[in-house]
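Okay, let's get going, everyone.

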Amino acid sequence: MLNNTFIIPLLPLFAFIVIVFFTRWKEKLSAGISISMTAIGWVLSIITMIQVVTHQGEHAVRIEQAFDIINFTGFRLELGTLLDPLTAVMLIVVTTVALMVQIYSLGYMHGDPRFSRYYAYLSLFTFSMLGLVVANNFFEIFIFWELVGLTSYLLIGFWFEKKSASDAGKKAFITTKVGDLGFLLGLLIMGMTLGTFNYGEVFGLVEAGAISGGLLTLMAIGIFCGAVGKSAQFPLHVWLPDAMEGPTPVSALIHAATMVAAGVFLVARCMTIFIASPEAAMTVAWIGLITAFMAASIALVQNDIKRVLAYSTLSQLGYMIMALGLAGFTAGTFHLMTHAFFKALLFLGAGSVIHAVHTNNIQEMGGLSSKMKTTAMTFIIASLSISGIFPLSGFWSKDEIIASAHNHPFFMVIALLVAFMTAFYMFRLCFLTFFGAPRDQEKYDHAHESPKSMTMPLVFLAVLSVCAGWVGIPWLKHGFSSVVYHGHPHHVEANILLMIISSLVAVSGIALAYLMYYKKSISAEAMGRRFQPIYKLLYNKYYIDEIYDAVIIQPIYWTARSLWRFDAGIIDGLVNLHATVTIWLSKVKYWIDVYIVDGIVNGLGLVTGAASSVLRLIQSGRLAHYLLVILFGLIVIGFLASSNLLNWAFLEVGIH
Amino acid sequence: MSYSYPLLSYIVFMPLLGLLVILFLNKEKHSTIRWVSVFFSFVTMILTLILLKDYNWTTHEMQFVEMHQWIPALNAQYFMGVDGISVPMLLLTSLLSLIAIVISFNITKRVKEYFVFFLLLECGMLGVFVSLDFLLFYFFWEVMLVPMYFLIGVWGGARREYAAIKFFLYTLFGSIFMLVAILVLYFASEPHTLNMLEMTKLGPSFSHGIQVFTFAFFFIAFAIKVPVWPFHTWLPDAHVEAPTAISIILAAVLLKMGTYGMLRISWPMLPEGIRYFSVPIVILGVIAIIYGALVSMAQKDLKKLVAYSSVSHMGYCMVALGAYTSVKALAGCMFQMISHGLITGAMFLLVGVLYDRAHTREIAAFGGIGKKLPVYTALMVMFSMASLGLPGMSGFISEFMIFIGAFPSYPILVGISILGVVLTAAYILRMVQRVFLGEFDTAKWGGLTEINAREVLAVAPLGLLTLFIGIYPKPLNELMRATLENIVMLMAR
């Protein structure tokens, strides 16, 4: 499999083409093709992973294949594949989640009038995402980077009759595009200074110091802007919560597990560049930290189950970005993997709940655990995992993240605070959704467990949420860090003290949620009243959307309207004025002709009747005739102008 | 290099032969007239494909050359030939003409005259791209104007006469400048020549003053055609009033004549001129990109929106042309010319399809069309994405090449112009949302019918080519490579 990586992305592309052109009228068949292609890709990814892990040799596997698409002397653009451990991990993550989501969607999207189209879009997304992870150069990753953006747009706005959905799709596309401007700028600097986009060549040149100083920092930050947009980091995070308008399985696949992790993947890929530029790396770390904290704080008070999860995703992505900024390559990618599984599970669980009660509002839920046992169980497992409870996946990866901040006490404190908030809001969600008395009896009565096609993926992902992290247990001899590493393989030291502290933090977060939302010994309402300004600030997401609307969006619309008036009024006005003046001048000339020149001629008695009848024809008032007059006038002007200019030109020639 | 038979003459005059045949047909036989037009434009396209097959991709030398004495007194020749920048334009012209003819089947007013004018137009356009003699070039350049004037003025919309006159006079105004520039070069050259290749050799020997002056005059003529901001206001009027097929031709071919003229004539011929004016040209390009995108955003009429998007998209070409030292930028310019031809041609075609059914183009009048017309919507969304430069489509390749090529020379200006990418995304997505997404008004638009097979067939080649060039641009790149590298060398003289 190692030499045929390109097959994996092409499988879902094939499914997309077949569905669009041949099977879109047959819903079951379309879904079947999409799922089977992804399943084959999943098996191939596992085979690839096994081969990568069992590879013998001094260095990790690194297989590159490419062909040119543009070729000028000294400049090439290529498409190709690069297989290394990072790619292999991403292949597993993407195909696993994609497969689970596609199976789950059989139940969730059942009866939707655009069922086949949904699977076509999912296949297109899977293709683009796999293309993104196997790319061997920056030009190619940029292509797939934009394509995942397109499919994200299409899927967010899948139920396009809803204004909020089409708004959210548009917002996602444009906001990430803003980040991509930075990415493009980074690529332009790369093209200008290094003359290549190939990963290997670029990193080699960066290490050799072919680019340095301000340009290097600018290039690194430019590339990072792309990650900020795609991974919804502050200040471009605003699109992700709105993206929850899409079908919930889409949120699980694209807006939790894979596409939003692409930014993290990109930064991980470019580790060499960020190591070469400490300023850029510090920027990365700060942005990650700010996002992690800000998003977690907003998640504390939201009432929409998907939005809480969306802010949680932002926060966890911030974690990964922060770790990468602090050179925690293994930590960042490890958390990317574990997070993909438990966050996909959380979203799919939320989808199962929404499917049952037809509302996103956790204030209208409650007590659902008795009716939806599998959903509740798996959701709680995922919540424990994300909170970092021993020995679930999240525990191991989150610990590595926090450990990567060991030289930066401030980062570590904030990271622990975020861990506390995470445990709290996740269990606030669990208690409000699954426990206590039903707050909306009618919805509760209607609720039922979801069909097998939906619960099976939940169980599968729950197993991964528990076990996937075990590959990274510090005491393991051939664990995650001995395969996926930057530079040289290093062994992660187990930091027992840190493990105890972070576990205590997580448990206390859960305990607080338990007291507030299960025992109700602390009143949530009273807290809200007591910290009214903070509560309002958080509830309104720091008013960032409102600020953007007032400072950026409205001024752009205003400028657009003003320029349009300017164009129609001034620029075109000048053109029309010119025409009017010409017509007016020709009328004057005509008047002179008739009354003065002709008058004199008449006075001399030399004009024949024929001549005046010709003149009368000209004065017909018809536009076409005036046109002729204008034309004639122009030619005369042109001739006069040219003869003068010709004189000048000849003088020039003469001088030479 | 010459060829066993005068292929270029066949190509240029094949539509004229069709015109003659139609003249002898009964004007009531609409169907025959249509199919005869299709036949002759199809043959023309086949001939251009033969040209492509026998074209030698490895050299920049003129090929398929035909040279005969024409007006000995002026030393004017019937001189034709093609190289790596004219072959793609010929292919584009013959393909788009065929498509435009197919899409003109719904013309019912004065059918015979319509197709006569159309074939004359096609002849003129093809002639421009093969002429290597100034007089011949100028002749074809002007020949094209007349049928265009009538096609807009007779078969156009409500304000057709205004738009037609505006187009005609504006272009003619530019042509006068071109004529003056040609005359100056003619009299400056010794012996007097109208041969473009000779003139290209002589170019750098002219004084700085002559080069700068003639460059400026040529520029005005070509800039009006492109159109370069601020000479662009004829374009929205002409587009909005012209019938669908003519809008397609205007966008896909006529605008390209401006940039083609720059690449063929003023740029390589007058290197001092381009060196002198390069910065202002890039600035005009950047203004066009940003300004065109913003003005598009404010449009209420679908066709006008696409028209202003052309202004914006052609701005990228000007940025590329200003970065004349970079073969990447020039390749990007050529890619953009072809890509814009395909994409905007298709956009106008599709807008026309909707207009035929809805009899309005007002964006606000629609909503939720995607529910009723899924195939039409899919096509329109695809070309909208192509228009906003989505990777995998030709527009992305061209924009990327232009940015990569121009960035080292003009980092700040290119930095500003990439803002256009976001603005383009904004106005395109806003349009898509307001027309195709949202609630569908069954009472109002329940009677809309899906795009028909003929229309799909007409737009399909454009879609396939857009994708092909976007995914695998190498063939086009190889076709133009030798010529573009040579042009960069000529400008470095």
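Helix α15 of chain A bends by about 25° at A:His339; the bend is the angle between axes fitted to the seven residues ending there and the seven starting there. Bear in mind that this is a predicted model, where local features need pLDDT of at least 70, side-chain atom pairs count only at pLDDT 80 or more, and totals for chains, interfaces and linings use all residues. Residues are numbered from 1 along each chain as its sequence is written, while chains are lettered from A and ligands numbered from 1 in the order in which they are written.

Helices here are DSSP runs of H or I with at least four residues, strands are runs of E with at least two, and both are numbered from the N terminus. Buried means 20 or more other C-beta atoms within 10 Å of a residue's own, exposed means 12 or fewer, and partly exposed is in between, with C-beta atoms placed from the backbone. Just after the helix, A:His358 takes a positive phi of about 55°.

Now, most residues other than glycine have a negative phi, and most peptide bonds are trans. A:Lys541 has a phi near 55°, and you'll find A:Lys541 in the loop between α23 (532-539) and α24 (544-603) of chain A. Is A:Lys541 buried or exposed? Buried, with 20 other C-beta atoms within 10 Å. Over in chain B, B:Arg110 has a positive phi near 45°, but B:Arg110 counts as partly exposed, with 14 C-beta neighbours inside 10 Å.

As for cis peptide bonds, one joins A:Phe234 and A:Pro235, with omega about 5°. Another joins B:Glu190 and B:Pro191, with omega about -5°.

Last, the two chains together: 54 residues of chain B are in contact with 50 residues of chain A, contact being C-beta atoms, placed from the backbone, within 7 Å. On chain B's side, α7(B) gives the most, with 11 residues.
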